[in-house]
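Thanks for coming, everyone. I have one structure to go through today, so let me put it on the screen.

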Amino acid sequence: MAQQATAQIGVTGLAVMGRNLARNLARNGFTVAVHNRSPERTRSLLAEHGDEGTFVSSESMADFVASLERPRAVIVMVKAGGPTDAVIDELVPLLEDGDIVVDCGNAHFADTRRREEALRGHGLHFVGTGVSGGEEGALHGPSIMPGGSAESYRKLGPIFERIAAQVDGVPCCRHIGPDGAGHFVKMVHNGIEYADMQLIAEAYDLLRAGLSASPAEIAEIFREWNGGELESFLIEITADVLGHTDAATGRPFVDVVLDQAEQKGTGRWTVQSALDLGIPITGIAEATFARSLSGHADQRAAARRAFPDAGEKWQVDDRDTFVEDVRRALLASKIVAYAQGFDHIRAGSLEYDWDIDLGGTATIWRGGCIIRARFLDRIREAYDTERELPTLLVAPWFADRVGAGVPAWRRVVADAARAGVPTPAFSSSLAYFDALRAERLPAALIQGLRDNFGAHTYHRVDREGSFHTLWAGDRSEVEA
Ligand SMILES: NC(=O)c1ccc[n+]([C@@H]2O[C@H](COP(=O)([O-])OP(=O)(O)OC[C@H]3O[C@@H](n4cnc5c(N)ncnc54)[C@H](OP(=O)(O)O)[C@@H]3O)[C@@H](O)[C@H]2O)c1
């Protein structure tokens, strides 16, 4: 018997993310078509959670498509890369003009742009959608960043806004912009997440080295910080993780975890894209490289053997002042990381003609996602007040925090350098801040060197035009 077209939306790919997203949709009253390549997953979803709402399950892709109301909206939640293309290839011949394919996986925005163009050629909408919040978010309310056409958002918007996290009655979902805009913004979100975590990890390391404090004591400090300007999901779970004791050994959990982090792709993508666009996202880059460095165990062992005592002993005299210094330095460095991330989004938006609303983007990261934080409201205010803000650092609320934090920031970075405690993200953020505010940069010398060895020419501060000095001749200057 032919399938009745009753489902408002479909999900194909029912591993943990797709399964939870389908349950979230059903719990919110939508009739959800569900499908998975291997039918066992579909059956187990129905067996375990079938009573949570209305599911229409299919074991073939053709039945799945036939069970959807038109225009059809199909969420693809499969392994990113080749599997996504394989599923799209299977879907396309079954769909009709105006139907919508939504890729909620972690795709690279360039792949999304390619897929969007290809599906447009078939009369279909392709909506690359960033989904943040992990499996819990998918089930209880993620932050959702859909790209694709405005027309497709008219169908998807009311559905996604209903299942997204809500903060102050505002859904953490909005149309980001055409084609790959949603996946681009999700990529930068993940890059900022890298920077945020690295900064938190450095703050912990500083407190541990400077105070000789235990992880449990440092957990208390983070718990206190979470009651103020730093309030965020990541600070909250830092307190949790630092306060946790390993059941097997009775030691602090953080001391039994191997200190080698992975960088699985999105940090790298963010840095690669920033290099292409010429945007200095130094905090995100340092965080990505710090993870790579942590994984180079042999090099670390060799260096440790060669330089066992390269730092000085660290003696903190006033505990409370030091803790407050680290807090201020963390906040200032974090503001730099977000300022850089938003610069990156603005540059991508200009390059690809996406017209992304930066304030709106901050709004949908307030809930559901990993970097959810109190100060995202301030970012929204800053960009809503001045759309062409040159950098977040100069918006009044941020300028106040950074300005007030500068002496502490310098003390912390200098003390850490003397003691030999690595702070790549803290110190590169401070260097970025100082470079931005410098009256003159040594880039002038670089231009001089380039003209010397390669006749690359330079501009002068006092006259229009391009110039070259005849370095090998009489050193007179000619107009180029
Ligand atoms: N936003 C987040 O926080 C977050 C977190 C985790 C994952 N993700 C992203 O969400 C997507 C799904 O993640 P996941 O962890 O739930 O699943 P996953 O492990 O990435 O992928 C497993 C799913 O892909 C299907 N699949 C794999 N190859 C396929 C192919 N060639 N044809 C058809 N189906 C294929 C599997 O079907 P079978 O059951 O038949 O093998 C299964 O349903 C991924 O893109 C992932 O990167 C996002």
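First, a word on where the values come from. This is a predicted model, in which local features need pLDDT of at least 70 and side-chain atom pairs count only at pLDDT 80 or more, while totals for chains, interfaces and linings use all residues. Residues are numbered from 1 along each chain as its sequence is written, and side-chain values use heavy atoms, with hydrogens and water left out.

Let us start with charges. A salt bridge here is a side-chain nitrogen of Lys or Arg within 4 Å of a carboxyl oxygen of Asp or Glu. How many salt bridges does that rule give? The count comes to 39. I will pick out a few.

One of them joins R223 and E220, at 2.5 Å from N to O. Both residues sit in helix α9, residues 215-225, three residues apart, which is about one turn of the helix. For the names of elements: helices (H or I, at least four residues) and strands (E, at least two) are DSSP runs, numbered from the N terminus. R223 has 42%, so it is partly exposed. E220, at 44%, is partly exposed too.

Another salt bridge is formed by E229 and R401, with 2.8 Å from N to O. E229 is in the loop between α9 and α10 (233-242), and R401 is in helix α18 (residues 396-419), so the pair ties together parts that are 172 residues apart in sequence. E229 has a relative accessibility of 24% and counts as partly exposed; R401 has 23% and is partly exposed as well.

Next, D99 and R70, whose closest N and O atoms are 3.4 Å apart in their salt bridge. This pair links distant parts of the chain, 29 residues apart: D99 is in the loop between α4 (82-91) and β5 (100-103), and R70 is in the loop between α3 and β4. D99 is buried, because its relative accessible area is 0%, whereas R70 is partly exposed at 44%. There is also a network of salt bridges, which links D85, D103, D111, R114 and R115.

R70 brings us to the backbone. The peptide bond that joins R70 and P71 is cis, with omega about -10°. P71 lies in the loop between α3 (61-66) and β4 (73-76).

Which residues other than glycine have a positive phi? One is A455, with phi near 50°. It is found in the loop between α20 and β10 (467-469), and it is partly exposed at 43%. Another is T457, with phi of about 70°. T457 is in the loop between α20 and β10, and its relative accessible area of 22% makes it partly exposed.

Now the empty spaces. Rolling a probe the size of a water molecule over the atoms shows where empty space is left. On a 1 Å grid over the protein atoms alone, a cavity is a set of points where a 1.4 Å probe fits but cannot get out; a pocket is an open set with protein on both sides within 12 Å along at least five of seven lines; and lining residues have an atom within 4 Å of a point. Grid points are joined across faces, edges and corners, and a volume is the space filled by probe spheres set on the points.

The structure holds one cavity of 30 Å³ or more. The largest cavity is lined by A195, L199, G283, S333, V336, A337, A425 and S429. Which helix gives the most to that lining? It is α15, with three residues.

The second largest pocket has a volume of about 240 Å³. Its lining includes R440, Y458, H459 and W471, and helix α20 (residues 443-454) contributes the most, with three residues.

Last, the surface. Patches are made of residues with over 30% relative accessible area and no salt bridge, where like charges are joined within 9 Å and nonpolar side chains (Val, Leu, Ile, Met, Phe, Trp, Tyr) within 5 Å. Accessible areas come from the Shrake-Rupley method with a 1.4 Å probe, and for residues only the protein chains shown count as cover. V241, F253, V256 and V257 make a nonpolar surface patch of about 270 Å². V257 is in the loop between α11 (253-256) and α12 (266-277), and it counts as partly exposed because its relative accessibility is 42%.

Definitions and conventions:
Buried < 20%, exposed > 50% of the residue type's maximum accessible area, 1.4 Å probe, protein only.
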